[in-house]
Amino acid sequence: MQFVTDLFVSAQGRLFDSLVQPVLFALGLGGFVEMGFEGIEFVLLGLIELAIAYTLMRPLEAWWPAERWAQRRAVRVDVIYTVLNRLGVVPLAVFALLAPVFLGVDGWLRFHDIIPRQLEDWLPALDYHPLASFLIYLVILDFAEYWRHRLSHTFRWWWALHGIHHSQRQMSFWTDSRNHLLDDLIAGVWFASLSLLIGVPPGQFIGLLIVLRLVENLSHANTRLSFGRLGDHLVVGPRYHRWHHALDLPAEPRFACGCNFAILLPVWDLLFGTLYLAPQLPPTGIHETTTQEINARDDFWAQQKLGLVLLWRALGTRAGKQPSA
Ligand SMILES: [Zn+2]
Ligand SMILES: [Zn+2]
């Protein structure tokens with residue numbers, strides 16, 4: 001393990017010395033060197049995560065697919081989203097937009113002598129059990145992610161953006177990052193604000209992000225893989241999330257806005273009445289109603305534009321609840 005850490009740190013140092021630092025100075029951005037150093041860590045972790053996902057999930061999709069496709073052209077756009085996301089382009093943009101907000105909040109809290117309490121302040125025993133505190137943070141964040149996801153199906157303005165994630169008819173592990181950039185921004189604010197509020201230590205933040213992302217990659221994979229009848233109810237897997245992306249949702253009224261919103265733990269769907277599992281592997285996608293929507297299915301810029309157009313319309317009419325997803 002120490003060998004891997006050493007390798008990582010030395011790669012980070014080399015990239016910083018040979019590439020990032022000279023470029024930052026050349027651009028007159030010397031004040032951002034520290035941020036640049038941390039940025040490399042983020043990008044390297046994104047690459048490692050992508051390598052793990054590709055090595056584990058691509059063979060699974062090739063050997064044991066849920067659907068066989070004549071051609072994979074539709075997957076390309078999801079690869080673009082993933083590369084932008086994992087190479088830090090999207091997270092960096094989100095960070096640049098959010099940093100001033102968080103600095104302001106942090107300054108206000110300090111000025112008023114308010115220090116967000118960490119889990120360890122409530123349960124001092126956790127100081128000696130970092131794995132236990134990691135798992136508790138994971139459960140709290142997953143609960144918040146369930147509600148963020150469910151609300152993005154409930155409000156028409158939010159669905160205007162989140163619908164892009166669902167318009168893929170050839171769902172694969174790459175589809176995880178297929179999100180409207182504004183939706184990514186909202187999700188970033190949601191996740192980072194809560195993490196700050198409950199005092200997630202920076203060292204655990206990246207780990208939490210990696211666990212959730214790998215589970216999300218796997219849950220979008222085009223594979224018949226099952227965790228067994230019990231297992232599929234304990235952890236979100238490809239069969240579980242496939243029903244969330246089903247072209248035709250189960251007919252019951254309680255699923256009018258969707259089913260299986262959980263990211264990691266199906267227990268939230270079970271508790272709030274949104275869990276649905278059946279042995280079939282349904283086709284994925286949404287029923288588009290306009291040519292503009294159909295044309296946007298495989299095109300990055302058309303999707304970004306469509307999300308904004310639909311958002312504008314939803315806000316212009318009535319930002320009420322989604323009649324059906
Ligand atoms: Zn969704
Ligand atoms: Zn999804």
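**Exercise 1. A salt bridge to start with**

Find the distance at which the side chains of glutamate 252 and arginine 254 meet, and decide whether each residue is buried, partly exposed or exposed.

*Solution.* Step 1: glutamate 252 and arginine 254 form a side-chain salt bridge, with N and O 2.9 Å apart. Please keep in mind that this model is predicted. Step 2: the relative accessible area of glutamate 252 is 39%, and that of arginine 254 is 45%. Step 3: partly exposed covers the range between under 20% (buried) and over 50% (exposed). Glutamate 252 is therefore partly exposed, and arginine 254 is partly exposed as well.

**Exercise 2. Counting and linking**

How many salt bridges does a search of the whole structure find? Which residues are joined into one network by salt bridges that share partners?

*Solution.* Step 1: the search of the whole structure gives 8 salt bridges. Step 2: the network is made up of Arg169, Glu288 and Arg297, joined by salt bridges with shared partners.

**Exercise 3. Two pairs across the chain**

*Solution.* Step 3: now check the surroundings. Arginine 213 is buried at 13% relative accessible area, and glutamate 49 is buried at 3%.

Step 1: turn to the second pair. In the salt bridge of aspartate 78 with arginine 178, the closest N and O atoms are 2.7 Å apart. Step 6: aspartate 78 is buried, with 0% relative accessibility, and arginine 178 is buried with a relative accessible area of 0%.

**Exercise 4. The zinc site**

Which residues coordinate the zinc ion (ligand 1), and what spacing do its donors follow along the chain?

*Solution.* Step 1: look for the NE2 atoms of His149, His153, His162, His166 and His244, which coordinate the zinc ion (ligand 1) at 2.1 to 2.2 Å. Step 2: along the chain, these donors follow the spacing H-x3-H-x8-H-x3-H-x77-H. Step 3: histidine 162 in helix H7 and histidine 244 in helix H11 (residues 238-244) link distant parts of the chain, 82 residues apart. Step 4: histidine 162 is buried at 5% relative accessible area, and histidine 244 is buried at 3%. Step 5: finally, find the zinc ion (ligand 2), which is 5.3 Å from the zinc ion (ligand 1).

**Exercise 5. Placing the annotations**

Where does UniProt place the feature "transmembrane region", and how much helix is there over residues 128-147 and residues 185-212?

*Solution.* Step 1: the unreviewed UniProt entry places "transmembrane region" at residues 78-103, 128-147 and 185-212. Step 2: residues 128-147 are 90% helix and 0% strand, and their end C-alpha atoms lie 31 Å apart. Step 3: residues 185-212 are 86% helix and 0% strand, with end C-alpha atoms 17 Å apart. Step 4: the unreviewed UniProt entry also lists "domain: Fatty acid hydroxylase" at residues 134-274. Over residues 134-274, the chain is 62% helix and 0% strand, and the end C-alpha atoms are 27 Å apart.

Definitions and conventions
Residues are numbered from 1 along each chain as its sequence is written. Chains are lettered from A and ligands numbered from 1 in the order in which they are written. This is a predicted model: local features need pLDDT of at least 70, side-chain atom pairs count only at pLDDT 80 or more; totals for chains, interfaces and linings use all residues. Side-chain values use heavy atoms; hydrogens and water are left out. UniProt positions are given in the numbering used here, feature names are shortened, and annotations may be inferred rather than shown by experiment. Helices (H or I, at least four residues) and strands (E, at least two) are DSSP runs, numbered from the N terminus. A salt bridge is a side-chain nitrogen of Lys or Arg within 4 Å of a carboxyl oxygen of Asp or Glu. Buried means under 20% relative accessible area, exposed over 50%, partly exposed in between (1.4 Å probe, protein chains only). Donors are N, O and S atoms within 2.8 Å of the metal (3.2 Å for Na, K and Ca); water is not among the atoms, so sites may look incomplete.
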